[in-house]
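Visitor: I would like to go through this structure slowly and ask, at each step, what a given word rests on.

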Amino acid sequence: MQRPFKVERIMTEIIKKLWRKYRSVILYLFFGGCTTLVNLLAYFLCAYPGHMGTGASTAAAWFTAVLFAYITNKLFVFESRSSQKKELIREALSFFLCRAGTGLLDLAVMVVCVEKLGWFDLPVKVLSNLLVIILNYAASRWLIFS
């Protein structure tokens, strides 16, 4: 009976160490996944029931997702506690400008692959978002919330 308790305690310690070491990456991946879902849902709602074009739907989805990502990254992932107006403006502006770059990349991928090559939009949107998540983490980690 004592063996499972010892294994459980060891596993708990391993999980705690991994959490301390990779906390920001784990949270970023979780909230990045949530941001991707926000992006996909916003895109779908704009493109299908909203009958907006690919470009307009992608832009609306981008803005919605970036707003969600800024709030979650600031508060939960990188725990930025900046409260001075100047620092908040710098942080938000940096965040939105970096996201604008990856947003333009997302838009270009969508327009080229969907409108020019005729590929189905939702799988392309998912793959484009994976690339965007990786680039956004690097920018957030080393440029914005450093």
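Predicted model: local features only at pLDDT ≥ 70, side-chain atom pairs only at ≥ 80, totals over all residues.

Visitor: Why is threonine 72 called buried?

Guide: Threonine 72 has a relative accessible area of 5%, and because buried means under 20%, the word applies to this residue. Threonine 72 lies in helix α2, and, leaving aside its neighbours within four places in sequence, threonine 72 is in contact with Phe31 and Val77.

Visitor: Which other residues of α2 are buried?

Guide: Among them are Thr54, Ser57, Ala61, Ala65, Ala69, Tyr70, Asn73 and Val77. Just after α2, glutamate 79 takes a positive phi of about 45 degrees.

Visitor: How do you know that the length of helix α3 agrees with its number of residues?

Guide: Helix α3 runs over residues 85-116, and its 32 residues should span 46 Å at 1.5 Å a residue; the expected span is taken as 1.5 Å times one less than the number of residues. The C-alpha atoms at the ends of α3 are 44 Å apart, so the two values agree. Glu91, Phe95, Arg99 and Cys113 are among the buried residues of α3, and just after this helix glycine 118 takes a positive phi of about 80 degrees.

Visitor: What makes up the largest nonpolar core?

Guide: The largest nonpolar core has 13 residues, and those with the most contacts inside it are Tyr28, Val77, Phe78, Phe95 and Phe145. Helices α1 (2-47), α2 (54-77) and α4 (121-144) each supply at least two residues of this core, and α2 gives the most, with four residues. Apart from this core lies another, of eight residues, including Ala42, Tyr43, Ala61 and Cys113. In soluble globular proteins, nonpolar side chains tend to be buried together.

Visitor: Which residues does phenylalanine 145 touch, not counting residues up to four places away in sequence?

Guide: Phenylalanine 145 touches Tyr70, Asn73, Lys74, Phe78, Ser80, Glu91, Phe95 and Ser140 on that count.

Visitor: How do α2 and α3 cross, and what kinds of residues form their contact?

Guide: Two packed helices are described by the angle between their axes and the distance between the axes. The axes of α2 and α3 come within 9 Å and cross at roughly 145 degrees, and α2 passes α3 in a right-handed crossing. The residues of the contact of α2 with α3 divide into 14 nonpolar, five polar and five charged.

Definitions and conventions: Residues numbered from 1 in each chain as written. Heavy atoms only, no water. Core = buried A, V, L, I, M, F, W, Y, C linked by side-chain atoms within 4.5 Å. Buried < 20%, exposed > 50% of the residue type's maximum accessible area, 1.4 Å probe, protein only. Contact = heavy atoms within 4.5 Å. Axes fitted to C-alpha atoms, helices over the stretch in contact; angles between N-to-C directions. Left-handed = near helix turned anticlockwise from the far one by under 90°. Nonpolar A, V, L, I, M, F, W, Y, C, P; charged D, E, K, R; others polar.
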